[in-house]
Amino acid sequence: MTQSIDLEELAFVAAVMERAHRLLVAEEKKLPPRTADGDEGPGSPNQTLLGAGELTRGADDAVRRIALAIGYACAGLHAHALRATKRAHVSPRSVPGGTDRMARPLTSGTVEALKLVRQVSDFFEEGLRENIDKALAARTATWPPADWENYGEERAKTAATAVSGTRAAAVSVAAVPPPAVSGCSAVSGSPATDQ
């Protein structure tokens, strides 16, 4: 069985993510430049700027990963295309996590960008839609934590729980056959042999 890559879906998600990226870039440019060491609490101007930057870079990284998958598929490099497509499905880094640093209310451009990402959240890993909903509903910024000692203890507990759950649910991964590429005019009828 050959796996296929849906180039139309990849192109659509890339276009939506690029629109979100442009909105986030515009919002980040509106913020005042960094003036201190950024050590202030959640929602401070410097933390807001850091969060906006994280969102912008996360959206841009998602676009690049999707574009790479499209490029490999169109070039007929099936094994590379499949690996790149799997990476493209990883949730964008710091989207919406960057909002944890940002002052509330979030700007209209940031809200619009998050709503765009939410529209294509099914393309990405599970949980992105819920995380965006939480970010949009949050009344205050939550990062960095006020009590680092308590944060460290909670994080250690969470990590211990996750590790024990991962061991219990370990499953072997089967080999995946190369994808079939359809819908790309740059690919001839013969499959590439890049494997």
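**Legends to close-up views of a predicted model**

**View 1. The chain as a whole, in a predicted model.** Of the 195 residues in the chain, 35% count as buried, where buried means under 20% relative accessible area, exposed means over 50% and partly exposed lies in between (1.4 Å probe, protein chains only). In this predicted model, local features need pLDDT of at least 70 and side-chain atom pairs count only at pLDDT 80 or more, while totals for chains, interfaces and linings use all residues. Residues are numbered from 1 along each chain as its sequence is written, and side-chain values use heavy atoms, with hydrogens and water left out. The accessible surface of the chain comes to about 11,500 Å² (Shrake-Rupley method, 1.4 Å probe), and 55% of that surface belongs to carbon and sulfur atoms. The secondary structure comprises six helices and two strands, taken as DSSP runs (helices: H or I, at least four residues; strands: E, at least two) that are numbered from the N terminus. From the N terminus on, these elements follow the order β-α-α-α-α-α-α-β. Among contacts (heavy atoms within 4.5 Å) between residues at least 6 apart in sequence, 77% join residues at least 24 apart.

**View 2. The packing of helix 1 against helix 2.** Helix 1 (residues 7-30) and helix 2 (residues 45-75) pack at an angle of about 155°, with their axes 9 Å apart; the axes are lines fitted to C-alpha atoms over the stretch in contact, and angles run from 0 to 180 degrees between N-to-C directions. That angle makes helix 1 roughly antiparallel to helix 2, a term for angles over 145 degrees, whereas those under 35 count as roughly parallel, 65 to 115 as roughly perpendicular and the rest as oblique. The crossing of helix 1 and helix 2 is left-handed, in the sense that the near helix is turned anticlockwise from the far one by less than a right angle. The residues of this contact divide into 19 nonpolar, three polar and three charged, with Ala, Val, Leu, Ile, Met, Phe, Trp, Tyr, Cys and Pro counted as nonpolar, Asp, Glu, Lys and Arg as charged, and the others, Gly among them, as polar.

**View 3. L68 and its surroundings.** L68 has its place in helix 2 and, because its relative accessibility is 39%, counts as partly exposed. Leaving aside residues up to four places away in sequence, L68 touches A84 and R87. L68 and H80 are 12 residues apart in sequence, and their C-alpha atoms are 9.3 Å apart in space.

**View 4. The loop between helix 3 and helix 4.**

**View 5. The packing of helix 4 against helix 5.** Helix 4 and helix 5 (residues 128-137) pack at an angle of about 160°, with their axes 9 Å apart, and are therefore roughly antiparallel to each other. Their crossing is left-handed. The contact is made by V111, L114, K115, V117 and R118 of helix 4 together with L128, R129, I132, D133 and L136 of helix 5. By class, this contact has six nonpolar, no polar and four charged residues.
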